[in-house]
Amino acid sequence: MDLIFLGTSSGVPTRSRNVSGTALIESSGKGWYLVDCGEATQHQVMRTSLSLHELRGCFITHVHGDHCFGLPGLLASAGMSGRVEPLDIVLPAALEPWVRLSLAVSKSWLPFELHLHASETFSGWQNGKVQVNTVALSHRVPCHGYVFDEADPNPRLDIQRLEAEGIPRGPLWGELAHGREIDYAGRIFHAEQYLRPWRPAQRFIICGDNDSPELLAQVAAGANVLVHEATFTQALIDHAHEHYGHSSAAAVARFAESAGIPNLVLTHFSARYQNNSERSPCIEDVQQEAAAHFTGELFLARDLQRYHLDRDGKLNVVLGR
């Protein structure tokens, strides 16, 4: 699966970073999932290859505006572009009346159904290719992270088993490859017995705001990629004596290292971190602090940057979008 970051700033946008929005793209096809939808997310989508027609689901982590203020506009634009497929949205229950009122008072008629699910009572969701579950986080308001698991990573026929059981090549193999059972020599053969994944299933954890990374321990096993906020460095938190419900780069990196997560992407940076290394504080401070505690693949997310998880489980920067 791939990631495209649509916004990586905390609280307010900057000249180089929009507020929160992360796209997760399926391994095959063009389907994608949106985690958080800060203001102007739809503008960022227009600068990528993503299509609102291919959006499979939207997942809002919490009620703060930098994570949700762009949702009504994105929905209205999806409708005006001709989308007709229903859209599932998982979001805090408090946001449902706000979304519906925003659309109603602006006379934004949608030609597709909205299926809204409260994150507080969310019990999991699957669209056929990806299974999504939640994990509760710690912030100033209730907040969740979302765990994305591939349901079936491109299965291939188990040729050795097929040949061993005497099932002849040809149309019968084709039926099994398409997931259908066959009747041969007086026996019923079920497709799932003869299909195996061509690589391990991938797991991505994409978090909202969270001051306690250790809450992810229950879902970290087998995770390939962790996307987590690193709003501040520990040095700044110690100086201000306040973390505002956020994590430091050091805290996230220590957790990812202890959990054995191979790929860590930090995002949601305070606007005070400058891109200019000659000014302080600088975004390089975040990189250096995290690198001191994490030995895996470490990335500081950049707006509109795309990342691909290859079949060997390594996350790579993709040139282009």
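Tutor: Let us begin at the residue just after helix 3, lysine 107, which takes a positive phi of about 55 degrees. Helices here are DSSP runs of H or I with at least four residues, strands are runs of E with at least two, and both are numbered from the N terminus. The model is a predicted one, in which local features need pLDDT of at least 70, side-chain atom pairs count only at pLDDT 80 or more, and totals for chains, interfaces and linings use all residues. Residues are numbered from 1 along each chain as its sequence is written, and side-chain values use heavy atoms, with hydrogens and water left out.

Consider now the helix itself. Within helix 3, the residues Leu95, Val99 and Leu103 are buried (under 20% relative accessible area, whereas exposed is over 50% and partly exposed lies in between, with a 1.4 Å probe and protein chains only). Viewed down the axis of helix 3, the buried residues fall within an arc of 70 degrees, so they line one face of the helix; the arc is that of the directions from the helix axis to the C-beta atoms. An α-helix has 3.6 residues a turn, so residues three or four places apart point the same way. On the other side of helix 3, Pro97, Leu101 and Val105 are exposed.

What lies over the buried face? The cover of the buried residues of helix 3 includes helix 2, strand 6 (87-91) and strand 7 (114-118).

Helix 2 (residues 71-80) and helix 3 (residues 95-105) pack at an angle of about 55 degrees, and their axes are 10 Å apart (axes are lines fitted to C-alpha atoms, for helices over the stretch in contact, and angles run from 0 to 180 degrees between N-to-C directions). That angle makes helix 2 oblique to helix 3, since angles under 35 degrees count as roughly parallel, over 145 as roughly antiparallel, 65 to 115 as roughly perpendicular and the rest as oblique. The crossing of the two helices is right-handed (the near helix is turned clockwise from the far one by less than a right angle).

Helix 2 contributes Leu71, Pro72 and Leu75 to the contact, and helix 3 contributes Trp98, Val99, Ser102 and Leu103; contact means heavy atoms within 4.5 Å. Of the residues in this contact, six are nonpolar, one is polar and none is charged (Ala, Val, Leu, Ile, Met, Phe, Trp, Tyr, Cys and Pro count as nonpolar, Asp, Glu, Lys and Arg as charged, and the others, Gly among them, as polar).
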